[in-house]
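Here's a quick tour of a few charged side chains and the strands around them. Have the viewer open and follow along.

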Amino acid sequence: MNRQAFDKYINEAYMVSADYPFESDSETAVYRHKENRKWFALVMHLPKDKFKPNAQGFVTAVNLKCDPLLIGSVILEEGIYPAYHMNKSHWISLLIDEITAEEKIKWLLDLSFELTKKK
């Protein structure tokens, strides 16, 4: 799944558009709930070596909230890592360019949406 397909899925599934809150970074996008403004996804363009030592180039990483009971098992899968720059007990990072199972990305995105919505 590429970034455009990711954005399209969020727009269609949740009727939410990307928000670009960082003036100095026009590539980092936040997706928030309309009712409580909580983030459920953060998309970043990052150097690969943030996830894989000595790797070259850049990747599209997405931080998603995850059930702490699932984190230990999902980070064992290809393209899923402990969260970059967020609480690693509650968030994970996906390298969406590297995950071939689009349904896995959608499932984790749906989980993040549910975990962050107004209770």
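First, the ground rules. This is a predicted model, so local features need pLDDT of at least 70 and side-chain atom pairs count only at pLDDT 80 or more, while totals for chains, interfaces and linings use all residues. Residues are numbered from 1 along each chain as its sequence is written, and side-chain values use heavy atoms, with hydrogens and water left out.

R32 sits in strand β1, residues 29-32. Strands here are DSSP runs of E with at least two residues, and helices are runs of H or I with at least four, numbered from the N terminus. With a relative accessibility of 17%, R32 counts as buried; the cut-offs are under 20% relative accessible area for buried, over 50% for exposed, and partly exposed in between, using a 1.4 Å probe and protein chains only.

What does the R32 side chain make a polar contact with? The side chain of D19 is the partner, at 2.7 Å. The backbone oxygen of R37 also lies 3.5 Å from a polar atom of the R32 side chain. A polar contact means a pair of N or O atoms within 3.5 Å; within protein, one must be able to donate a hydrogen and the other to accept it, and residues adjacent in sequence count only if both atoms are side-chain atoms. Leaving out residues up to four places away in sequence, R32 touches V16, D19, P21, R37, K38, W39 and F40, where contact means heavy atoms within 4.5 Å.

**The strands**

β1 runs antiparallel to strand β2 (residues 39-47), and four bridges join them. Strands pair if DSSP finds at least two bridges between them. Y31 stands opposite A41 in β2, and A41 in turn has L64 in β3 as a bridge partner. β2 and β3 (residues 58-65) are also antiparallel, joined by seven bridges. Back in the hairpin of β1 and β2, there are six residues between the strands, and R37 takes a positive phi near 65°.

**Salt bridges**

Side chains of opposite charge can pair when their charged atoms come close. A salt bridge here is a side-chain nitrogen of Lys or Arg within 4 Å of a carboxyl oxygen of Asp or Glu. The whole structure has eight of them, including these:

| Pair | N to O distance |
|---|---|
| R37 and D19 | 3.7 Å |
| E77 and K104 | 3.2 Å |
| K106 and E102 | 3.3 Å |

Take R37 and D19, whose side chains meet in a salt bridge. R37 is in the loop between β1 and β2 and D19 in the loop between α1 (3-14) and β1, so the pair ties together parts that are 18 residues apart in sequence. R37 is partly exposed at 47%, and D19 is partly exposed too, at 24%. D19, R32 and R37 are linked in a network of salt bridges.

The E77 and K104 side chains also form a salt bridge. This pair links distant parts of the chain: E77 is in the loop between α2 (68-74) and β4 (80-82), K104 is in helix α3 (residues 102-116), and they are 27 residues apart. E77 has a relative accessible area of 31%, which makes it partly exposed, and K104 is partly exposed at 25%.

K106 and E102 both lie in helix α3, four residues apart, about one turn of the helix. Buried or partly exposed: where does K106 fall? K106 is buried at 19%, whereas E102 is partly exposed at 34%.
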